[in-house]
Amino acid sequence: MIRVELPTAADTHAFGRRLADLLGAGDLVLLTGPLGAGKTALTQGVGAGLGVLGDITSPTFVIARVHRPDPTGGRGVALVHADAYRLGDASDPRAEIDDLDLDASVDESVTMVEWGEGLVEQLAEAHLRIRIDRRDDDTRVAELEPVGGDWARRLAALG
């Protein structure tokens with residue numbers, strides 16, 4: 001596990017840009033942490049690093065958004081940003097996830113799911129789990145946990 005302190009929201013965004021260098025098509029990233037911890041800010045940084053189109057905002061009310069790569073400067077991979085927060089109240093949240101059809105795009109996109117722990121791990125053989133907590137002084141602490149695949153090796157590059 002890697003632990004990173006991020007003093008500001010700008011640092012969280014910048015860390016997302018660095019993380020994007022490690023990501024490619026087929027990668028699944030699960031984001032957990034309390035409301036306001038910085039999950040979307042991190043995803044915005046990843047989107048900037050991947051060079052995708054469109055503003056990345058919290059997908060809480062639309063559940064999932066697809067951000068296509070910028071053909072003039074992107075890395076050629078889309079970003080799927082999903083939020084399972086509202087699905088916690090569903091009688092069968094896994095069925096709701098299935099209805100999003102995320103598995104149809106997971107092989108060709110970087111898929112980042114907020115609040116998806118326990119719901120979306122089956123979408124990929126391996127994934128990266130990131131827990132973000134926010135201290136009283138607004139410092140964010142991100143803990144990155146590799147789950148299978150070559151994630152541990154890739155995370156070592158963040159050094």
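**Thr43.** I started with the side chain of Thr43: one of its polar atoms sits 3.0 Å from the backbone oxygen of Lys39. I count a polar contact as a pair of N or O atoms within 3.5 Å; within protein, one must be able to donate a hydrogen and the other to accept it, and residues adjacent in sequence count only if both atoms are side-chain atoms. Thr43 belongs to helix 2. Its relative accessibility is 0%, so I put Thr43 down as buried (buried is under 20% relative accessible area, exposed over 50%, partly exposed in between, with a 1.4 Å probe and protein chains only). Apart from neighbours within four places in sequence, Thr43 is in contact with Leu31, Ile56, Leu79, His81, Met112 and Glu114 (contact means heavy atoms within 4.5 Å).

**Ground rules.** I noted that this is a predicted model, where local features need pLDDT of at least 70 and side-chain atom pairs count only at pLDDT 80 or more, while totals for chains, interfaces and linings use all residues. Numbering runs from 1 along each chain as its sequence is written, and side-chain values use heavy atoms, with hydrogens and water left out.

**Helix 1 on helix 2.** Next I looked up how helix 1 (residues 9–20) packs on helix 2 (residues 39–50): the angle is about 45 degrees and the axes are 6 Å apart. Axes here are lines fitted to C-alpha atoms, for helices over the stretch in contact, and angles run from 0 to 180 degrees between N-to-C directions. The two helices are therefore oblique to each other (under 35 degrees is roughly parallel, over 145 roughly antiparallel, 65 to 115 roughly perpendicular, the rest oblique). On the helix 1 side, the contact residues include Phe15 and Leu19, and on the helix 2 side Leu42 and Val46 are among them.

**Arg131.** Then I moved to strand 6 (residues 127–134), which holds Arg131. Arg131 is partly exposed, because its relative accessible area is 34%. Its side chain makes a polar contact of 3.0 Å with the side chain of Asp133. I also checked Lys39 again: its C-alpha is 8.5 Å from that of Arg131, though the two are 92 residues apart along the chain. Setting aside neighbours within four places in sequence, Arg131 touches Thr32, Gly33, Pro34, Val141, Ala142 and Glu143.

**Whole chain.** Of the 159 residues, 47% are buried.

Technical notes:
Helices (H or I, at least four residues) and strands (E, at least two) are DSSP runs, numbered from the N terminus.
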